[in-house]
Amino acid sequence: VQLVESGGGLVQPGGFLRLSCAASGRIFRIYDMGWYRQAPGKQRDLVASITSGGRTNYADSVKGRFVISRDNGKNTVYLQMNSLKPEDTAVYYCNVDARKDYWGQGTQVTVSS
């Protein structure tokens with residue numbers, strides 16, 4: 001299973017970005033999908049997750065600003081990030097549970113004026 005992420009970049013505070021992560025390969029079934037982030041010198045933390053049935057979970061720091069969604073037909077998970085803050089700056093990683101944990105290569109998100 002391969003995960004390809006896209007959508008990161010540089011944005012000003014208050015701006016928005018949309019991350020995408022597409023899974024491909026020998027996939028029988030995908031269970032939970034999620035996004036994590038890791039800032040320099042810090043551990044990798046959960047940002048948001050979504051079950052196969054659409055139930056979502058968010059870190060407190062992003063509630064009300066980020067929205068996670070998925071397209072099961074395309075094996076793709078999205079993260080809409082609004083009202084971005086400098087503290088959202090990190091490398092964002094996609095995670096997929098397909099009977100085994102898979103990780104994307106990471107995409108840099110930088111929020112700066």
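Visitor: How do β1 and β3 pair, and over how many bridges?
Guide: In this predicted model, strands β1 and β3 run antiparallel to each other, and five bridges connect them.

Visitor: Which residue in β3 is the bridge partner of Leu 3?
Guide: Ala 23 in β3 is the bridge partner of Leu 3.

Visitor: Which residues of β1 are on the covered face, and which on the uncovered one?
Guide: Strand β1 covers residues 2-6. Leu 3 and Glu 5 make up the covered face, while Gln 2, Val 4 and Ser 6 make up the uncovered one. In a regular strand, side chains alternate between the two faces of the sheet.

Visitor: Back to β3. Which cysteine there is in a disulfide, and what is at the other end?
Guide: Cys 21 is joined to Cys 94, with an S to S distance of 2.1 Å. Cys 21 belongs to strand β3 (residues 17-24) and Cys 94 to strand β9 (residues 90-97). The two cysteines are 73 residues apart, and the pair links distant parts of the chain.

Visitor: How many disulfides does the count come to?
Guide: The count comes to one disulfide.

Visitor: Left-handed or right-handed, and why?
Guide: The disulfide is left-handed, because the torsion about the S-S bond of Cys 21 and Cys 94 is about -80 degrees.

Visitor: Is Cys 21 buried or exposed, and what about Cys 94?
Guide: Cys 21 is buried, at 0% relative accessibility. Cys 94 is buried as well, with a relative accessible area of 0%.

Visitor: What share of the residues counts as buried, and what area does the chain expose?
Guide: Of the 113 residues, 41% count as buried. The chain exposes about 6,300 Å², and carbon and sulfur atoms supply 46% of that area.

Visitor: And the contacts: what percentage join residues at least 24 apart?
Guide: That figure is 51%, taken among contacts between residues at least 6 apart in sequence.

Visitor: Now Arg 37. Where does it lie, and is it buried or exposed?
Guide: Arg 37 lies in strand β4, residues 33-38. Arg 37 counts as buried because its relative accessibility is 14%, and the cut-off for buried is under 20%.

Visitor: Which side chain does the Arg 37 side chain make a polar contact with?
Guide: The partner is the side chain of Ser 61, at 3.3 Å.

Visitor: What else does Arg 37 touch?
Guide: Leaving out residues up to four places away in sequence, the residues Arg 37 touches include Asp 45, Phe 66, Glu 87, Asp 88 and Tyr 92.

Visitor: Last one, Trp 103. Where is it found, and how exposed is it?
Guide: Trp 103 is in strand β10, residues 101-103. Trp 103 is partly exposed, with a relative accessible area of 37%.

Visitor: How far apart are Trp 103 and Pro 13?
Guide: Trp 103 and Pro 13 are 28 Å apart in space, C-alpha to C-alpha, and 90 residues apart in sequence.

How values were computed
Residues are numbered from 1 along each chain as its sequence is written. This is a predicted model: local features need pLDDT of at least 70, side-chain atom pairs count only at pLDDT 80 or more; totals for chains, interfaces and linings use all residues. Side-chain values use heavy atoms; hydrogens and water are left out. A disulfide is a pair of cysteine sulfur atoms within 2.5 Å. Helices (H or I, at least four residues) and strands (E, at least two) are DSSP runs, numbered from the N terminus. Buried means under 20% relative accessible area, exposed over 50%, partly exposed in between (1.4 Å probe, protein chains only). Two strands pair if DSSP finds at least two bridges between them. Contact means heavy atoms within 4.5 Å. Accessible areas come from the Shrake-Rupley method with a 1.4 Å probe; for residues, only the protein chains shown count as cover. A polar contact is a pair of N or O atoms within 3.5 Å; within protein, one must be able to donate a hydrogen and the other to accept it, and residues adjacent in sequence count only if both atoms are side-chain atoms.
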